[in-house]
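Q: Hi! I've got a new structure open and I'd like to go through it with you. Can we take it bit by bit?

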Amino acid sequence: MSETETPPSLTALTTYLLSKVGKTARTRLAERLAEHGQRLWHMAVLAALADFGPHAQRDLAARLGIDPSDMVKIVDELATAGQVERNRDQTDRRRVSVTLTPAGRSALAALTAEANAVQDAVLAPLTEPERAQLHALLTRVHQGG
């Protein structure tokens, strides 16, 4: 038995395996995104804006589960990069609307390609049908939680 071998009582737990695989995937993805000067939260904001359209900054924070003060910093960074635009609501000056720009859409496409490359590497041991099955099962678990 190797000193680095994981205890079987842990590998018998699906939650443990999910945690370990998830941590590996997240670390690899974070490293790939960092090569583009981006973080996972940047990608999440760009994806939400691409999928759901412009959002009030406060609503975007709630949708993604990001602390509103952290969202300010993320949106500031994306705005500085020209990937989002912020506009004050004319009827409520406290409300800030965030919109994806063409540069943001291009950045999201590049980040998605990086995420797909990481996904392919992490899921390399699985066949395409197994990957589809895993995705379907994880989607069910995600929607049920």
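Q: Let's start with a side chain. Which side chain does the side chain of Gln38 make a polar contact with?
A: The partner is His42: the two side chains make a polar contact at 3.2 Å. Keep in mind that this is a predicted model.

Q: Where does Gln38 lie?
A: Gln38 is in the loop between helix 2 and helix 3.

Q: Okay, and is Gln38 buried or exposed?
A: Gln38 counts as buried because its relative accessible area is 7%, and buried means under 20%.

Q: What does Gln38 touch, leaving out residues up to four places away in sequence?
A: Gln38 touches Leu33, Leu78, Gln83, Ala107 and Leu111.

Q: Nice. How much space lies in the largest pocket here?
A: The largest pocket holds about 1,400 Å³ of space.

Q: And how many residues line the largest pocket, and which lie nearest its centre?
A: There are 34 lining residues, and Gly22, Ala25, Gln119, His135 and Leu138 are the ones nearest the centre.

Q: Which helices supply at least two residues of that lining?
A: Four are listed: helix 2 (14-34), helix 3 (40-52), helix 6 (102-122) and helix 7 (128-144).

Q: Which helix gives the most?
A: Helix 7 does, with 10 residues in the lining of the largest pocket.

Q: How do the lining residues of the largest pocket divide into nonpolar, polar and charged?
A: In that lining, 23 residues are nonpolar, seven are polar and four are charged.

Q: What about the second largest pocket, how much space is in there?
A: The second largest pocket has about 160 Å³ of space. Helix 4 (57-64) and helix 5 (68-80) are the elements that give two or more residues to its lining.

Q: Which residues line the second largest pocket?
A: The lining includes Ala56, Gln57, Arg58, Met71, Val72 and Val96, along with others such as Arg94 and Arg95. By class, six lining residues of the second largest pocket are nonpolar, one is polar and three are charged.

Q: Let me pick Gln57 from there. Where does Gln57 lie?
A: Gln57 is part of helix 4.

Q: Is Gln57 buried or exposed?
A: Gln57 is buried, because its relative accessible area is 13% and the cut-off for buried is under 20%.

Q: And what does Gln57 touch, again skipping residues up to four places away in sequence?
A: Gln57 touches Met71, Val72, Val75, Arg86, Val96 and Val98.

Q: Switching to the sheet: what is the order of its strands?
A: The open sheet has three strands in the order 1-3-2, with antiparallel pairing. Strand 1 (55-56) and strand 2 (84-88) are the edge strands, each pairing on one side only.

Q: How many bridges join strand 2 to strand 3?
A: Five bridges join strand 2 to strand 3, and Val84 stands opposite Leu100 in strand 3. Strand 1 pairs with strand 3 over two bridges, and Ala56 stands opposite Ser97.

Q: Last one: which residues of strand 3 are on its covered face, and which on its uncovered one?
A: Val96, Val98 and Leu100 make up the covered face, while Ser97 and Thr99 are on the uncovered one.

How values were computed: Residues are numbered from 1 along each chain as its sequence is written. This is a predicted model: local features need pLDDT of at least 70, side-chain atom pairs count only at pLDDT 80 or more; totals for chains, interfaces and linings use all residues. Side-chain values use heavy atoms; hydrogens and water are left out. On a 1 Å grid over the protein atoms alone, a cavity is a set of points where a 1.4 Å probe fits but cannot get out, and a pocket is an open set with protein on both sides within 12 Å along at least five of seven lines; lining residues have an atom within 4 Å of a point. Grid points are joined across faces, edges and corners, and a volume is the space filled by probe spheres set on the points. Ala, Val, Leu, Ile, Met, Phe, Trp, Tyr, Cys and Pro count as nonpolar, Asp, Glu, Lys and Arg as charged, and the others, Gly among them, as polar. Buried means under 20% relative accessible area, exposed over 50%, partly exposed in between (1.4 Å probe, protein chains only). Contact means heavy atoms within 4.5 Å. A polar contact is a pair of N or O atoms within 3.5 Å; within protein, one must be able to donate a hydrogen and the other to accept it, and residues adjacent in sequence count only if both atoms are side-chain atoms. Two strands pair if DSSP finds at least two bridges between them.
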